[in-house]
Amino acid sequence: MSQSLTKNRNIELIGFAILAVLLVVVLPLSLDIFRLNLIGKYLTYAFVAVGLVACWGYTGILSLGQGVFFGLGGYCMAMFLKLEASSVANTKIQSTPGIPDFMDWNQLTELPFFWVPFKSLPLALIAVILVPSLAAFILGVAMFKRRVGGVYFAIITQALAAVLTILIIGRQGYTGGINGITDLRTLLGWDIRTDHAKYILYFVCCAALFGSMFLVRFVLASKLGRILVAVRDTEERVRFSGYDVANFKVFVFCLASAIAAIGGAMFTLQVGFMSPSFVGIVPSIEMVIFCAVGGRQSIIGAVVGTLLVNWGKTLFSESFPELWLFFMGGLFIAVVLLFPRGLAGLVTDQLLPWIGRLSGGRRQVAAAGSAPAPAPAE
Amino acid sequence: MFMGYSLGEIGSIFAMQAFAGLILFSVFVLMALGLAIIFGQMGVINMAHGEFMILGAYMTFLTSHLFQTYAPQAFAGYFFVAMLVAFVASGAIGLAVEWLLIKRLYKRPLDTLLATWGLSLIMQQAFRSIFGAREVGVQLPDWMMGSLQVTDTIEVQINGLFVMTLTLMITAVVALLLFRSRWGLQVRAVVANRVMADAAGIDTRRIDRLTFGLGCGIAGIAGSAFTMIGSTSPTAGQAYIVDTFLVVVFGGAQSLLGTIASAFTISQSQSTLEFFLTGSMAKVTTLLIVIGLLMLRPQGLFVLKVRK
């Protein structure tokens, strides 16, 4: 396996390069800023998908609640931006100036204590990573130490997504309710709503995404990554070999959650608001399908899958809104039944050998042909 | 919070809340029964279970319309026909789904979650295209309307009582089937040890298919009952699905008694808390308590000793 990994490394690097050129050069040059901003929004979901590759594709932990972490990251960012937008000068007309408008509408007269740290950007940025990681850590320790896994874990994470959505909607005065936190304007005085700012944020998002992709790649290619795969395939054997399986699972779950949270923060910056509709059950499970379409064991595949499904969604819901759900449902079923390894599997199993045969290079055929084809994660 | 209420009034409030909780309990049990026997037998969580229920609800709606148009004199009894129609429709589609989809995924339970979620999206859109996106309600026959006056301050709705009776009967039938029929014997054998059951000559594939069909059929009946107390819309099934999953997981997957006990606990705590807190906080608190309890007892309330 290690040999085929090093041989595949070249192919993977080529993939990274193609994706980088596409995202950083081709798309910004060929699309107007509205469409590019849309791509930027899709890329924030790709963070979640990349995290899922580590968590689900490699370790076999299916989380149906990644929207929780995406949302927590996004809300942490939105709370900072909202506080900056509701300075005393901007909110003179309120009965209590200096607090966000929705709090004023809900008769709150002072800032709740958990909003106070979000007055400072460094603290807010730390919270973007720390709050979701901590949540994932607590959940992970509680679940994996008790050896709760598989379907049970999936259902519980899904219930958590429901809980957080209900909580956000129900506690309107503290969270902005179903409308979410809207009307975000500036980041340290820099207006994030201008076209220029959107360009810059798009490139920041790309950079963060590639950073996350390399981080996940680094983890998965390391010795730690091997153990994760072993945990997925035969958990008992790893445990009997003397490893504490729960610790590895907690680690990878926290990693996936932290990356999802960065995506959430980038979402808030680029889209200009955050609302519970990106937290709940439906967005969470959609993010899993983005990952599955691209290939649950391929980092590049996850990003490409996210872009394609979202592009399809925009295309379909603009022209045939009726058909979209049929298409999406069919996609879920087809990917699971027919292409468990997603688009990446098609590329490595079909396309590369075909190219290899065309160019007559035996070496490439061997490299692609011996690609690891593990059974789909349980 | 109890200022200004007399002791008798507090008692009545609790009795009424408990009754509301019992109606919720009935819906939970009806939905969870089908899900639980499928999960217990095959380890498959059917994410489209809510949609099978809504299918039953729409079938009831159609039957009531047919009766109103063609046989208004027999309208009082339409509900029993509707239940049968709902059972057959949901069960038949369940059988087809098992044959086309589920049986190919038995080795990959997590993938079944995703595939059945896809199925639920397709069914929702199909309902929306056929019946429209608006909620539809069923007209109740006269004898189901109104309420019984138990004391001056306590009254119970007849349709609620009817749904409860129905739940009791269906639970009894499922229990009879599981513990007295040949199918039930085979199901219990497969749950205990699939490989040995297979070796002993039980056609496990056939049992799987029957169980899935029966589970979906019960969901259809649940949908029929659901029309008595709520209105039907294409996405109504999703509102209950998370609670139902938790009921099944919390009850212990292979235990009928566990499912009933956990449905009772969850529904009663939710409706009692609703009186003290707002509706959303009651739901959040209940879900968090259940998740907390699951951490303490990952196998659920009632554990069937199974040798793997």
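A residue is called buried when its relative accessible area is under 20%, exposed when that area is over 50%, and partly exposed in between. These terms are applied below to a predicted model.

## Confidence

Chain A has a mean pLDDT of 86, and 93% of its residues reach 70 or more. Within chain A, confidence is highest in helix 11 (residues 245-271), at a mean of 94, and lowest in helix 16 (residues 362-369), at 46. The pLDDT falls below 50 over residues 364-378 of chain A, a stretch that has 30 contacts in the model beyond near neighbours in sequence.

## Cysteines

The structure holds 0 disulfides over all chains. A disulfide is a covalent bond between the sulfur atoms of two cysteines, and the cut-off used here places those atoms within 2.5 Å. For Cys205(A), the closest cysteine sulfur is that of Cys206(A), at 5.9 Å, which is too far for a bond. For Cys206(A), the closest cysteine sulfur is in turn that of Cys205(A), again at 5.9 Å and too far for a bond. Because its relative accessibility is 0%, Cys205(A) counts as buried. Cys206(A) is likewise buried, with a relative accessible area of 2%.

## Salt bridges

Over all chains, the count comes to 15 salt bridges.

| Pair | N to O distance |
|---|---|
| Arg185(A) and Asp183(A) | 2.8 Å |
| Asp111(B) and Arg108(B) | 3.0 Å |
| Arg194(B) and Asp208(B) | 3.1 Å |

The pair in chain A has both partners partly exposed: Arg185(A) has a relative accessible area of 25%, and Asp183(A) has one of 35%.

In the pair Asp111(B) and Arg108(B), both residues are buried. The relative accessibility of Asp111(B) is 0%, while Arg108(B) has a relative accessible area of 14% and is therefore also buried.

The salt bridge between Arg194(B) and Asp208(B) has its closest N and O atoms 3.1 Å apart. This pair links distant parts of the chain, 14 residues apart: Arg194(B) lies in helix 7 (residues 194-199) of chain B, and Asp208(B) in helix 8 (residues 204-229) of chain B. Arg194(B) counts as partly exposed because its relative accessibility is 31%, whereas Asp208(B) is buried, with a relative accessible area of 1%.

Chain A also contains a network of salt bridges, which links Glu235(A), Glu236(A), Arg239(A) and Lys249(A).

## Nonpolar surface patch

A nonpolar patch on the surface is formed by Val21(A), Leu22(A), Val24(A), Val25(A), Val26(A), Leu29(A), Tyr199(A), Ile200(A), Phe203(A) and Val204(A), with about 790 Å² of accessible area together. The elements giving two or more residues to this patch are helix 1 (2-30) and helix 8 (195-221) of chain A. Helix 1 of chain A gives the most, with 6 residues.

Val24(A), one of the patch residues, is found in helix 1 of chain A. Val24(A) is partly exposed, with a relative accessible area of 36%.

Thr211(B) has its place in helix 8 of chain B. At 0% relative accessibility, Thr211(B) counts as buried. Neighbours within four places in sequence aside, the contacts of Thr211(B) are Ile37(B), Ile38(B), Gln41(B), Met42(B), Trp183(B) and Val187(B). Helix 8 of chain B is also the element that holds Asp208(B), the partner of Arg194(B).

Ala246(A) is placed in helix 11 of chain A, the helix with the highest confidence in that chain. Ala246(A) counts as buried because its relative accessibility is 7%. When residues up to four places away in sequence are not counted, Ala246(A) touches Phe144(A) and Lys145(A). Ala246(A) and Ser87(A) are separated by 159 residues in sequence and by 46 Å in space, C-alpha to C-alpha.

Notes. Residues are numbered from 1 along each chain as its sequence is written. Chains are lettered from A and ligands numbered from 1 in the order in which they are written. This is a predicted model: local features need pLDDT of at least 70, side-chain atom pairs count only at pLDDT 80 or more; totals for chains, interfaces and linings use all residues. Side-chain values use heavy atoms; hydrogens and water are left out. Patches are made of residues with over 30% relative accessible area and no salt bridge: like charges are joined within 9 Å, nonpolar side chains (Val, Leu, Ile, Met, Phe, Trp, Tyr) within 5 Å. Accessible areas come from the Shrake-Rupley method with a 1.4 Å probe; for residues, only the protein chains shown count as cover. A salt bridge is a side-chain nitrogen of Lys or Arg within 4 Å of a carboxyl oxygen of Asp or Glu. Helices (H or I, at least four residues) and strands (E, at least two) are DSSP runs, numbered from the N terminus. Buried means under 20% relative accessible area, exposed over 50%, partly exposed in between (1.4 Å probe, protein chains only). pLDDT is the predictor's confidence in each residue, from 0 to 100. Contact means heavy atoms within 4.5 Å.
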